[in-house]
Protein chains: 2
Amino acid sequence: MSPGAANQPKKHVSAREALAANIVALRHERGWSQEALAFECGLHRTFVAHVERLSRNISLDNIERLALALGVQPFELLKPRSD
Amino acid sequence: MSPGAANQPKKHVSAREALAANIVALRHERGWSQEALAFECGLHRTFVAHVERLSRNISLDNIERLALALGVQPFELLKPRSD
DNA sequence: CTGTGACTTTCAGTCCGTC
DNA sequence: GGACGGACTGAAAGTCACA
C-alpha cells in the first residue's frame, strides 16, 4: 500500500514527514540553502531536496549525517518539532 | 560531561548503536524473541538480528515499523536509553 | 536556489542453511 | 532462540538534465 509517498490523509505524522519538517526548519534557522546543507553533510543537493519533499526513504546512515551537519542528535530530527 | 560515551572526539554514540540497544531492550522488556519482533513488524528474523548486531543500515520506513511494533515513537528508538 | 523524473550502482532486505 | 555466511531481488544512494 505504500503509506506516505505524497499522501496527506495521515493521522499521526509519519517519520518521513517529521524528518523533512525538522530538516527544513533547522536549515532555515541557520540560513542555509539546500546546497549549503548538502555540502555540510557530504551529500548531494538533489538528494537533500528529495528528502525534504518526502520523495525518498532515507536510511539511518544519512539521517545521522544530516543530524551532524545540523548540529543536533539523530533522534531530534525525527522528533515532531515543538522547539 | 560526555554522557554515555567515554571518549569519542567527534563521534557520539552512533545512531546504529542507539537503535540496536533500544530494540534489544524493548524487545526483552516485552519478553519477545527476535522471531516474535520480526513477525510483529513484518520484517524478517535475520534482518532484525543483523540490525541488533549493528551489521545493517536500516531505512526510515523500517525504523518506523519497528517503533510501531514496539509501541513507541520512531524518535524514541534513536534516543540513547539513559532516562 | 529549488523540484522532479530518470538513470546506474550499491546495498538493504529476504531466504537459504549451518553452527 | 540466536549468530553467522552465501546468494538473490528490489529498493536506496548518488548523479544529472531540465523545468
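The model on display is a predicted one.

**Around DNA strand D**

Next, select A:Ser59. Here a backbone N or O atom lies 2.8 Å from a phosphate oxygen of DNA strand D. Then move to the other protein chain and select B:Arg45, where a polar side-chain atom lies 3.0 Å from a base nitrogen of DNA strand D. Colour the elements that give two or more residues to this surface: they are helix H3 (45-52) and H4 of chain A, with helix H2 (34-41) and helix H3 (45-52) of chain B.

DNA strand D is surrounded by 17 residues, and the closest are A:His44, A:Arg56, A:Asn57, B:Gln34 and B:Glu35. By class, the residues of this surface are three nonpolar, eight polar and six charged. Which parts of DNA strand D do the atoms within 4 Å of the protein belong to? Sugar or phosphate accounts for 68% of these atoms, and bases for the rest.

**The relation between the two protein chains**

Chain A is superposed on chain B by a rotation of 179 degrees with 0.1 Å of shift along the axis, at an RMSD of 0.2 Å. This is the relation of a two-fold axis. Return to A:Ser59, for among the residues of chain A its C-alpha comes closest to the rotation axis, at 1.7 Å. The same surface serves both copies, as 89% of the contact residues of chain A recur in chain B.

**The interface**

Select the residues in contact: chain A and chain B each contribute 18. About 1,700 Å² is buried between the two chains, and carbon and sulfur atoms give 68% of that area. Within chain A, highlight A:Leu60, A:Phe75 and A:Leu78, which lose the most area to chain B and together make up 35% of what that side buries.

Select A:Arg16 and B:Asp61 next. Their side chains meet in a salt bridge, 3.7 Å from N to O. How many salt bridges does the rule find across the interface of chain A and chain B? It finds two.

Finally, colour helix H1 (15-29), helix H4 (60-70) and helix H5 (74-78) of chain A, the elements that give two or more residues to the side touching chain B. H4(A) gives the most, with five residues. That side of chain A has ten nonpolar, four polar and four charged residues.

Note on methods. Residues numbered from 1 in each chain as written. Chains lettered and ligands numbered in written order. Predicted model: local features only at pLDDT ≥ 70, side-chain atom pairs only at ≥ 80, totals over all residues. Heavy atoms only, no water. Least-squares fit on C-alpha atoms with pLDDT ≥ 70 in both. Contact = heavy atoms within 4.5 Å. Buried area = accessible area lost by both parts, 1.4 Å probe. Salt bridge = Lys/Arg side-chain N within 4 Å of Asp/Glu carboxyl O. Helix = DSSP H or I, 4+ residues; strand = E, 2+ residues; numbered from the N terminus. Nonpolar A, V, L, I, M, F, W, Y, C, P; charged D, E, K, R; others polar. Near = heavy atom within 4 Å. Polar contact = N/O pair within 3.5 Å; in protein donor to acceptor, adjacent residues only side chain to side chain.
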